[in-house]
Amino acid sequence: MAITNLLSTTITLKHSPFLLLKPSTKLRNPKRPTIRAQSKNDDSVDGPDRLISAITYFYPFFDGVQYGKYVITQFAPIQTLIQPLVPAIRVFKSFPLNGLLVFFTLYFIVVRNPNFSRYVRFNTMQAIVLDVLLIFPDLLERSFNPTDGFGLDLMMSFDSTVFLFLLVSLVYGSSSCLLGQLPRLPIVAEAADRQVL
């Protein structure tokens with residue numbers, strides 16, 4: 001049995017590709033497939049596209065900042081974070097149709113304009129879809145407006161959740177855009193992807 005193992009070993013060695021080499025030839029590692037890590041930072045996105053994309057995420061935040069009335073008054077760190085944005089929020093909220101004008105401007109001038117890169121159009125559409133989704137909390141707040149008790153606690157929790165989602169979307173979306181990455185927000189990314197051709 002040991003002889004059969006020895007013979008089979010020599011037979012496989014005879015057919016080995018390494019035995020065909022000359023004795024002076026150095027053995028090299030056989031070619032292995034190389035795996036290259038791709039950087040998430042897309043260097044092909046230029047600076048103006050990054051800046052425009054980052055700025056668009058302020059639109060849904062400014063439009064939905066009223067949902068933070070409970071969170072902002074209770075937590076000082078969020079107040080200090082929002083404080084530099086107060087003048088811009090006041091300008092945005094000063095005229096009732098500003099939200100609608102910004103919506104149409106972003107949609108028709110940026111999203112539907114093929115002169116802008118797909119990166120800018122996708123991020124703008126994500127911000128627009130996020131703003132359109134603010135209709136649902138607004139309708140709920142208008143139809144269900146409790147003054148005290150469990151209903152008020154529920155409404156405070158709901159408003160605070162909407163505001164924190166908008167704040168996280170602003171920070172994540174803007175910072176990703178400034179770094180040249182493509183942010184994909186939950187709930188809105190697929191809808192924005194379908195709208196941008």
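pLDDT is the predictor's confidence in each residue, from 0 to 100. This is a predicted model, and its chain averages a pLDDT of 81. A score of at least 70 is reached by 78% of the residues.

**Confidence**
- Residues 1-42 stay under 50 in pLDDT.
- For residues 1-42, the model has eleven contacts beyond four places in sequence.

**Nonpolar core**
- The largest nonpolar core holds 40 residues.
- F61, I82, I89, M125, I128 and F163 touch the most other members of this core.
- Elements giving two or more residues to the core are α3 (58-63), α4 (69-74), α5 (76-82), α6 (86-94), α7 (98-111), α8 (118-132), α10 (150-178) and α11 (189-195).
- Helix α8 supplies the largest share, eight residues.
- I89 touches F61, F62, V65 and I82, leaving aside residues up to four places away in sequence.
- In soluble globular proteins, nonpolar side chains tend to be buried together.

**Helices α2 and α8**
- Helix α2 spans residues 47-56, and its axis comes within 8 Å of the α8 axis.
- The two axes cross at roughly 5°. Angles under 35 degrees count as roughly parallel, so α2 is roughly parallel to α8.
- On the α2 side, D49, R50, I52, S53 and T56 make the contact.
- On the α8 side, the contact uses Y119, V120, N123, T124 and A127.
- By class, this contact has four nonpolar, four polar and two charged residues.

Notes
Residues are numbered from 1 along each chain as its sequence is written. This is a predicted model: local features need pLDDT of at least 70, side-chain atom pairs count only at pLDDT 80 or more; totals for chains, interfaces and linings use all residues. Side-chain values use heavy atoms; hydrogens and water are left out. Contact means heavy atoms within 4.5 Å. A nonpolar core is a set of buried Ala, Val, Leu, Ile, Met, Phe, Trp, Tyr and Cys residues joined through side-chain atoms within 4.5 Å. Buried means under 20% relative accessible area, exposed over 50%, partly exposed in between (1.4 Å probe, protein chains only). Helices (H or I, at least four residues) and strands (E, at least two) are DSSP runs, numbered from the N terminus. Axes are lines fitted to C-alpha atoms, for helices over the stretch in contact, and angles run from 0 to 180 degrees between N-to-C directions. Angles under 35 degrees count as roughly parallel, over 145 as roughly antiparallel, 65 to 115 as roughly perpendicular and the rest as oblique. Ala, Val, Leu, Ile, Met, Phe, Trp, Tyr, Cys and Pro count as nonpolar, Asp, Glu, Lys and Arg as charged, and the others, Gly among them, as polar.
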